[in-house]
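Colleague: Can we go through this one together? I'll ask, you answer.

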Amino acid sequence: MLFWIMVVALSVAVALLLGLAALRARGQAQEAADYDLKVYRDQLKEVERDLARGVISEEDAERLRTEISRRILAADAAAKAAARGETVQPRWAGPALVVIVSLGVVGGGTWLYMDLGAPGYPDQALAQRIAAAEERRQTRPSQAEAEADVPAQPPAETPEDYAELMDRLRAVLEERPDDVRGHMLLARNEAALGNFTEAYAAQERVLELRGDGATAQDYADYAEMLVMAAGGYVSPEAEAALAAALERDPRNGVARYYLGVMFRQIGRPDRAFTTWDRLLRESRPEAPWVPALRQQLPELAARAGRTDYQLPEMAAPAAPTAPAAPGPTAEQMAEAENMTEEQRTAMIRGMVDSLAQRLAQDGGNAAEWARLINALGVLGETERASAIRDEALSKFAGDETALARIREAAERAGIGG
C-alpha cells in the first residue's frame, strides 16, 4: 500500500510541476509585453529630448512618434491578451496539455510497471536473496529430470563411412569394456554426433576405469557432456563433476566457465560475474570460452551492480563458430593406439579421408579445416597438411578469427602457421 501511496504522491507532484510551468509561461508572456511598453514609452521621451536639443527635425520626430505609438498599441494589446490568457495558444490549451502529459506520464509509467515490474512483490534484502539462491541451488532438478524436459532432437547427419566406423567402435568396446582409451574415443565422438547422453555414459566409464588417476579435464569433459545433454542446464550431478575438476586443477577453464553458468542459473549474478571476469582476464584470446564471456559479461556486470565495468583489453571477441562436424582429433587418434593395427588404421584413415573428401566437395567451417590439419600432422603427412593449410588460409582470407584457428592447428601439426 505504501508503494502505491508514493506513486500517487509523485504523480500529483509531476502534474503540479507541469501546471506551474504552464502558468509561468503565461506570466512570462505578460511580463514581456509590460517590458515592451516601458521601453517604447522611454523611447517617446527620448524623441522629445532629441527634438528639444535640435538633434532631429520636427518632421523626423513626428515620424518616430507615429512608429513608436504603433508599437505601444501592439504591446498594450499583447499585455491585455496575456492577462486574459489569450496568448499564442487558446486559453484552454495550457491546462489541456498539462492533463494530457500528466496522464501520459502517470498512466504510461503505471502500465510499464505492471508489465515489466513485480506488483505486490516485497523488497528483499541481500541476505534473503542469497538465501533464496541457495535454496534454488539445493532444490533444483536432477540431471534425469532436466533431460526429460529437453525436446527431442533429430539425429545429426553423419557420413555413411563415419557411421560405420562408430558402429565398429561400439562393437569393439562391448567386447573390451575395460578399454579406457576406447571409451574416451567413444565419448568424444558421441558428443560430436550430438549423442550427449551416450557421450557422458562413455565418459562416466572412463572415470570409473581411471579411478583416482582421473584428471581435471576428464571431469570437466564429463560435466560439459552432462550440461549439453540437459540443454545447457547445470544439474547437481554436473556441479559435482565441476567441483571434482576444480579440486584437481583450480584453473581449468571449462570447469570455471560452467561454474559461472550455474551461479547465473540459480540467481547469483555476483558470483557468476566474479568467476567469469577472473576467467576472462586469465585466458588467452583464442580460448573457446572467450567469445561467450565477452558477449555476456557486460549484461552480467550490470545485474551484479557493476555499472562501471569495462571489458579487459585483449584480442577482439571472436564470433561463435558453428559446431564442428564429426571428424577425428589428434587426441582421438592417439587414443586409438590401444586397438589392433587393422582397426586403428581403418578408423583413422577412414575418418581423415572422409573429412578431407567432404571439405573438398562441400567446404566447411574453420574448425573442420583445423581438425583435418591436426589429423594429418599426427599421421606424419606434413606435405599434405601444408597443402590443406595453404588452401584453408586462402579460403578464409579476411576472416581473422578463422585464420587464427587455422594457424594454431598448423603450429600443432608442426608445419608452422
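Colleague: Let's start with helix 6. What should its 16 residues span at 1.5 Å a residue, and how far apart are its end C-alpha atoms?

Modeller: Keep in mind that this is a predicted model. Helix 6 covers residues 160-175 and should span 22 Å. Its end C-alpha atoms are 23 Å apart, which agrees.

Colleague: Which residues of helix 6 are buried?

Modeller: Y162, L165, M166, L169, V172 and L173. Down the axis of helix 6, these buried residues fall within an arc of 120°, so they line one face of the helix.

Colleague: Why would such a spacing put residues on one face?

Modeller: An α-helix has 3.6 residues a turn, so residues three or four places apart point the same way.

Colleague: And which residues are exposed on the other side of helix 6?

Modeller: E160, E174 and E175 are exposed there.

Colleague: Now helix 17. Which of its residues are buried?

Modeller: In helix 17, A385, S386, I388, R389 and A392 are buried. They cover an arc of only 165° around the axis, which puts them on the same side of helix 17.

Colleague: What is exposed on the other side of helix 17?

Modeller: E383 and S394.

Colleague: How does the length of helix 17 work out?

Modeller: Helix 17 has 14 residues, 382-395. At 1.5 Å a residue they should span 20 Å, and the end C-alpha atoms are 20 Å apart, so the two agree.

Colleague: On to helix 12. Which residues are buried there?

Modeller: P269, A272, F273, T275, W276, D277, L279 and L280 are buried in helix 12.

Colleague: What do the buried residues of helix 12 pack against?

Modeller: They pack against helix 11 (253-266) and helix 13 (290-303).

Colleague: Change of topic. Which residues make the nonpolar surface patch?

Modeller: V8, V12 and L16 make a patch of about 270 Å². V12 sits in helix 1, residues 2-53.

Colleague: Why does V12 count as partly exposed?

Modeller: Because its relative accessibility is 44%. That class lies between the buried limit of under 20% and the exposed limit of over 50%.

Colleague: Zoom out. How many helices and strands does the chain have?

Modeller: The chain has 18 helices and 0 strands. Of its 417 residues, 37% are buried.

Colleague: What share of the contacts with a separation of 6 or more comes from residues 24 or more positions apart?

Modeller: They account for 63%.

Colleague: Last one. What is the accessible surface of the chain?

Modeller: About 24000 Å², with 56% belonging to carbon and sulfur atoms.

Definitions and conventions: Residues are numbered from 1 along each chain as its sequence is written. This is a predicted model: local features need pLDDT of at least 70, side-chain atom pairs count only at pLDDT 80 or more; totals for chains, interfaces and linings use all residues. Side-chain values use heavy atoms; hydrogens and water are left out. Patches are made of residues with over 30% relative accessible area and no salt bridge: like charges are joined within 9 Å, nonpolar side chains (Val, Leu, Ile, Met, Phe, Trp, Tyr) within 5 Å. Accessible areas come from the Shrake-Rupley method with a 1.4 Å probe; for residues, only the protein chains shown count as cover. A salt bridge is a side-chain nitrogen of Lys or Arg within 4 Å of a carboxyl oxygen of Asp or Glu. Helices (H or I, at least four residues) and strands (E, at least two) are DSSP runs, numbered from the N terminus. Buried means under 20% relative accessible area, exposed over 50%, partly exposed in between (1.4 Å probe, protein chains only). The expected span of a helix is 1.5 Å times one less than its number of residues. The arc is that of the directions from the helix axis to the C-beta atoms. Contact means heavy atoms within 4.5 Å.
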